[in-house]
Amino acid sequence: MTETNLTVAVIDPSRARAAILEEGLRAAGVGRVVIIPDTAELLERVTALKPDVVVIHLESPSRDILEQMSGVSRQVERPVAMFVDRSDTTMMQAAVDAGISAYVVDGLRAERIKSILDIAILRFNAFARLQRELSEARGELADRKLIERAKGILMNLKGLSEEEAYKQLRRKAMNEKRKIADIARAIVTTADLLG
């Protein structure tokens, strides 16, 4: 996505700082910058806006703000870059836990905004890819466990070897044009109901 197609939500209670952010974003070629001057109903407002990136600037983030940003980062699933004037290790850890993609202390300068925005997007995308891969791996593991359980049920009920039980699962899946895991799930569900 090119910068001219980006919509960036800027959350900043200070008009002067928001203007610096907007100037830096426009200089970086960002097509649409929307200023949100306060954090009231933040999740709803950001959800309605559907920005590509959220940039927030605060003097010092509070736990409440970080909880709201956690909701924004996770529910809206957008990269969030946070600029703060003051911070400590606890707040940095809370920002990471909240899913903040870039956390910049005392670094609000218009010429730095583009590179910070770029890294926030890259980091967010990398994290989202890892989350997707983890979810897929968990799904595959759950499917394998289900298939193993279904094979065990077939082996017990029909006196089949493990290989024969798997061949029956595979044959049934092919005949019905379904996944083996779906057939296994049906067998396990039926066995649970009858058991």
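Biologist: Is Lys50 buried or exposed?

Modeller: Exposed, in this predicted model: Lys50 has a relative accessible area of 60%, and the cut-off for exposed is over 50%.

Biologist: Where is Lys50 found?

Modeller: Lys50 sits in the loop between helix 2, residues 42-49, and strand 3.

Biologist: What is the phi of Lys50?

Modeller: Phi of Lys50 is near 55°. That is a positive value in a residue other than glycine.

Biologist: And what about phi at Lys177?

Modeller: Lys177 is not a glycine either, and its phi is positive, about 55°. Lys177 belongs to the loop between helix 6 and helix 7.

Biologist: Buried or exposed, that Lys177?

Modeller: Lys177 is exposed, at a relative accessible area of 76%.

Biologist: Take Lys172. Buried, exposed or partly exposed?

Modeller: Lys172, which is in helix 6, counts as partly exposed, at 42% relative accessibility.

Biologist: How far apart are Lys172 and Ala184?

Modeller: C-alpha to C-alpha, Lys172 and Ala184 are 9.8 Å apart in space. In sequence they are 12 residues apart.

Biologist: Now the other partner. How do the axes of helix 5 and helix 6 cross?

Modeller: Helix 5 is residues 113-158 and helix 6 is residues 162-176. Their axes come within 9 Å and cross at roughly 110°. That makes helix 5 roughly perpendicular to helix 6. Helix 5 passes helix 6 in a right-handed crossing.

Biologist: Which residues are involved?

Modeller: On the helix 5 side, Ile147, Glu148, Ala150, Lys151, Leu154, Met155 and Lys158. On the helix 6 side, they meet Glu162, Ala165, Tyr166, Gln168 and Leu169. The residues of this contact divide into 7 nonpolar, 1 polar and 4 charged.

Biologist: What about Arg149, where does that lie?

Modeller: Arg149 lies in helix 5 and is partly exposed, with a relative accessible area of 43%.

Biologist: What is Arg149 in contact with?

Modeller: Val188 and Asp192, leaving aside neighbours within four places in sequence.

Biologist: And how far is Arg149 from Val54?

Modeller: Arg149 and Val54 are 46 Å apart, C-alpha to C-alpha. The sequence separation is 95 residues.

Biologist: Which way do its residues point?

Modeller: Val80, Met82 and Val84 point one way from strand 4, while Ala81 and Phe83 point the other way. All of these are buried.

Biologist: How many bridges join strand 3 to strand 4?

Modeller: 5 bridges, with the two strands running parallel. Strand 3 is residues 53-58.

Biologist: And strand 4 to strand 5, how many bridges?

Modeller: 4 bridges, and strand 4 runs parallel to strand 5, residues 102-105.

Biologist: What does Ala81 face in each of those pairings?

Modeller: Val55 stands opposite Ala81. In strand 5, the bridge partner of Ala81 is Ala102.

Biologist: Last one, Ser101. Where is that found?

Modeller: Ser101 is in the loop between helix 4, residues 89-97, and strand 5.

Biologist: Buried or exposed?

Modeller: Ser101 counts as buried, at 7% relative accessibility. The cut-off for buried is under 20%.

Biologist: What does Ser101 touch?

Modeller: Not counting residues up to four places away in sequence, Ser101 touches Pro79, Val80, Ala120, Arg123 and Phe124. Val80 among them points from strand 4 in the direction taken by Met82 and Val84.

Note on methods: Residues numbered from 1 in each chain as written. Predicted model: local features only at pLDDT ≥ 70, side-chain atom pairs only at ≥ 80, totals over all residues. Heavy atoms only, no water. Axes fitted to C-alpha atoms, helices over the stretch in contact; angles between N-to-C directions. Parallel < 35°, antiparallel > 145°, perpendicular 65-115°, else oblique. Left-handed = near helix turned anticlockwise from the far one by under 90°. Contact = heavy atoms within 4.5 Å. Nonpolar A, V, L, I, M, F, W, Y, C, P; charged D, E, K, R; others polar. Buried < 20%, exposed > 50% of the residue type's maximum accessible area, 1.4 Å probe, protein only. Pairing = 2+ DSSP bridges.
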